[in-house]
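The following note sets out points for a colleague who is examining the structure shown below.

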Amino acid sequence: MAQNKKTRITSVQRQNMQFSEERFQLFESIQEMIENEIKKRGLNKYQILQPKLAANPPPMKNETLHNCLCAWIKRWWKSLFRDKA
């Protein structure tokens, strides 16, 4: 009897399984639409995944991430009080 109880699927579980199946079908449909659009544009999906390099990258400052973050927080903090004054 205990074995039977464990193998039965409740209505909530059945509903959740149906939702999952529908989501998988939707995902597959979206994936097919994207692949068709890529083919129509004459690209392959690996070209899209590779980032394009900028011709002239912006100059790098000699600041650490910590200094940049601190400067941003200071500007944000000052702007809060400037608006209220």
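**Notes on the predicted model**

1. Trp76 is partly exposed, with a relative accessible area of 42%. This tryptophan is placed in helix H4. The coordinates under review belong to a predicted model, and the values below should be read accordingly.

2. Trp72 is itself partly exposed, at 48% relative accessibility.

3. How are the rings of Trp76 and Trp77 arranged, given planes at 55 degrees? The pair is tilted, because planes under 30 degrees apart would count as stacked and those over 60 as edge-to-face. The ring centres of Trp76 and Trp77 are 6.2 Å apart. Trp77 has a relative accessibility of 47% and therefore counts as partly exposed. Through these ring pairs, Trp72, Trp76 and Trp77 are linked into a cluster.

4. The three tryptophans also belong to a nonpolar surface patch, formed by Leu69, Trp72, Ile73, Trp76, Trp77, Leu80 and Phe81. Together these residues have about 740 Å² of accessible area.

5. On the overall fold: the secondary structure of the protein chain consists of four helices and zero strands. Read from the N terminus, the order of elements is α-α-α-α. What share of the 85 residues counts as buried? The figure is 1%, where buried means under 20% relative accessible area.

6. On the salt bridges: the count for the model is two. In one, Lys40 is paired with Glu37, and the closest N and O atoms are 3.4 Å apart. Lys40 and Glu37 are three residues apart in helix H2, so about one helical turn separates them. Lys40 is exposed, at 64% relative accessibility, whereas Glu37 is partly exposed, with a relative accessible area of 30%.

7. Glu37 also meets Arg41 in a salt bridge, at 3.1 Å from N to O. These two residues are four residues apart in helix H2, so they too are separated by about one helical turn. Arg41 has 61% relative accessibility and therefore counts as exposed. Because the salt bridges share partners, Glu37, Lys40 and Arg41 are joined into one network.

8. On the acidic surface: which residues gather in a patch of negative charge? They are Glu21, Glu22, Glu28, Glu32 and Glu35, and the patch lies on the surface. Glu21 is located in helix H2, which covers residues 11-41. With a relative accessible area of 44%, Glu21 is partly exposed.

Technical notes. Residues numbered from 1 in each chain as written. Predicted model: local features only at pLDDT ≥ 70, side-chain atom pairs only at ≥ 80, totals over all residues. Heavy atoms only, no water. Patch = residues over 30% accessible without salt bridge, like charges linked within 9 Å, V, L, I, M, F, W, Y side chains within 5 Å. Areas by Shrake-Rupley, 256 points an atom, 1.4 Å probe, with all protein chains shown as cover. Salt bridge = Lys/Arg side-chain N within 4 Å of Asp/Glu carboxyl O. Lys, Arg positive; Asp, Glu negative; His and termini not counted. Charge placed at Lys NZ, Arg CZ, Asp CG, Glu CD. Buried < 20%, exposed > 50% of the residue type's maximum accessible area, 1.4 Å probe, protein only. Phe/Tyr/Trp six-rings, centres within 6.5 Å; stacked < 30°, edge-to-face > 60°.
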